[in-house]
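Please look at the sequence and the 3D structure below.

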Amino acid sequence: MNDAAAIHSTNPAPMSDRAILLLVAAYALAFVVFGLALDGPAAVARGLVAITTSRDTLLTDYFGIGGIGAGCVNAGLLTLCACLIYDRTGAKMTGASVACLFLVLGFALFGKNLLNVWPIVFGVALYSRFKGETFATHINSAFFGVALAPIFSEILFSGSLTAAVSVPLALATGLAIGFILPPAAAQLAKAHMGFSLYNMGFTAGLVGTLVVALYKSYGFVPDPVFVWTTGNNLLLGSFLALVFVSMVAVGFACDRDVPSGLRKVIATTGQSPTDFIAIAGIGPTLANMGLCGAIAMAYILAVGGELNGPVIGAIFTIVGFAAFGKHPRNIVPIMAGVFLGSLAKPWNVDDPSILLAALFATTLAPIAGRFGWHWGVVAGFVHSSAALTVGPLHAGLNLYNNGFAAGIVASVLVPVIIAIRSKTRPEEVVAKDDK
């Protein structure tokens, strides 16, 4: 083999945006096929109707509303729609874009559906037009921002409002939320300095709190919802295992030198923005996604938890952000902190809220990556309490409740950590370390 061929074999050409989109679409299609094979077209169709007409506040497990098949088909179809929009707008497929699409896939199992996301997406499109910018510039904000999609469903299907009121009110609220999310998110990212990866969760929590406060002042108070399915670990675990193994296998198929790329990924702190596709290429990134997903599922099974819509949604959040900040070295300390918190506090490690906190808390992975595993454990420990107390502020209408809690934790904890580590002012230390 000549030198040129050797270089080519160890440094594969970057994958095109469309090829990356096709990879994401393939996993979305796998959910559609799995759902149809499981329940059949007729049952899936009935389930999709039930899902799109349901109230979607936390926690609404679509497996319990429309069945596992309909839940998976809803997730796959919604993600395929999002992929089509990314393709038609010419959006750049960065690590953040991959994370965004996998969040759509995951949360479409418990809160986002084929009906309720579009007003917010169109609201972001209106903001783009208002600013004279392309929609592709803000497309990630649009699909991250559908964290507040349950607000649309809550108003639209409210029993206390007539259709003449609920339909225009739901549409106007969704459009308004989409319009304000991009500028709010850009500003609020400064508060946690990139140490919480779910910046839109922090933003959506604050916006959702304002929306809920406004409607509560007029007597519109959402009722709590809790739908949580059990008993499907073997079926769903087998499907997820195939997905994660395929990610690692496809990663090696794209790049035979995946171990070298993984070392680059694991060497990063994960502080946002950290794009693993740009750093190591799609092959190592896919392998990292599969490994992180396997770790997350192993944790759930090890503590006796259940695999269902919300839990799989949380797992795929980790998988998605394994393209944009998370890797095994920085997520495990966070999960360990939540686990220790469950031992020291009056709740059980397999309680639904704690299972989700252990997975979603990995948004704080950059703290472990930047300041060491011990601070990651502290962050997870603190987060396990914060995540259980902020939900009433937005009445469960922000699907990224843990992102909201983590934004608060990071905004407070990181300056304290830096102050302890140095006598220099926190903002100066961050700026210096980033050079």
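Two residues are in contact if they have heavy atoms within 4.5 Å of each other. This is a predicted model, in which local features need pLDDT of at least 70, side-chain atom pairs count only at pLDDT 80 or more, and totals for chains, interfaces and linings use all residues. Residues are numbered from 1 along each chain as its sequence is written, and side-chain values use heavy atoms, with hydrogens and water left out.

Start with His138, which lies in helix H7 (residues 135-144). Helices here are DSSP runs of H or I with at least four residues, numbered from the N terminus. Which residues does His138 touch, leaving aside its neighbours within four places in sequence? The contacts are Val124, Tyr127, Ser128, Glu133 and Pro182. His138 has a relative accessible area of 12% and is therefore buried; buried means under 20% relative accessible area, exposed means over 50%, and partly exposed is in between (1.4 Å probe, protein chains only).

The rest of H7 is mostly covered too, with eight of its ten residues buried. Among them are Phe135, Ile139, Asn140 and Phe144. The buried residues of H7 pack against several helices, including H4 (68-89), H6 (118-131), H9 (163-192) and H15 (309-321).

Now turn to helix H12 (residues 258-266), where Val258, Gly261, Leu262 and Val265 are the buried residues. They cover an arc of only 105° around the axis, so they are on the same side of H12. The arc is taken from the directions that run from the helix axis to the C-beta atoms. Packed against these buried residues of H12 are helix H11 (233-254), helix H13 (276-280) and helix H14 (282-302).

The aromatic rings come next. Rings of Phe, Tyr and Trp (its six-membered ring) pair if their centres lie within 6.5 Å; planes under 30 degrees apart count as stacked, over 60 as edge-to-face and the rest as tilted. By this rule there are 18 aromatic pairs. Phe107 and Phe110 are a stacked pair, because their ring centres are 4.8 Å apart and their planes are at 25°. Phe107 counts as buried because its relative accessibility is 1%, and Phe110 is buried at 1% as well. Phe321 and Phe324 form a tilted pair, with 6.5 Å from centre to centre and 55° between the planes. Both Phe321 and Phe324 are buried. One aromatic cluster is formed by Tyr27, Phe31, Phe34, Phe102, Phe239, Phe244 and Phe316.

Methods:
Helix = DSSP H or I, 4+ residues; strand = E, 2+ residues; numbered from the N terminus.
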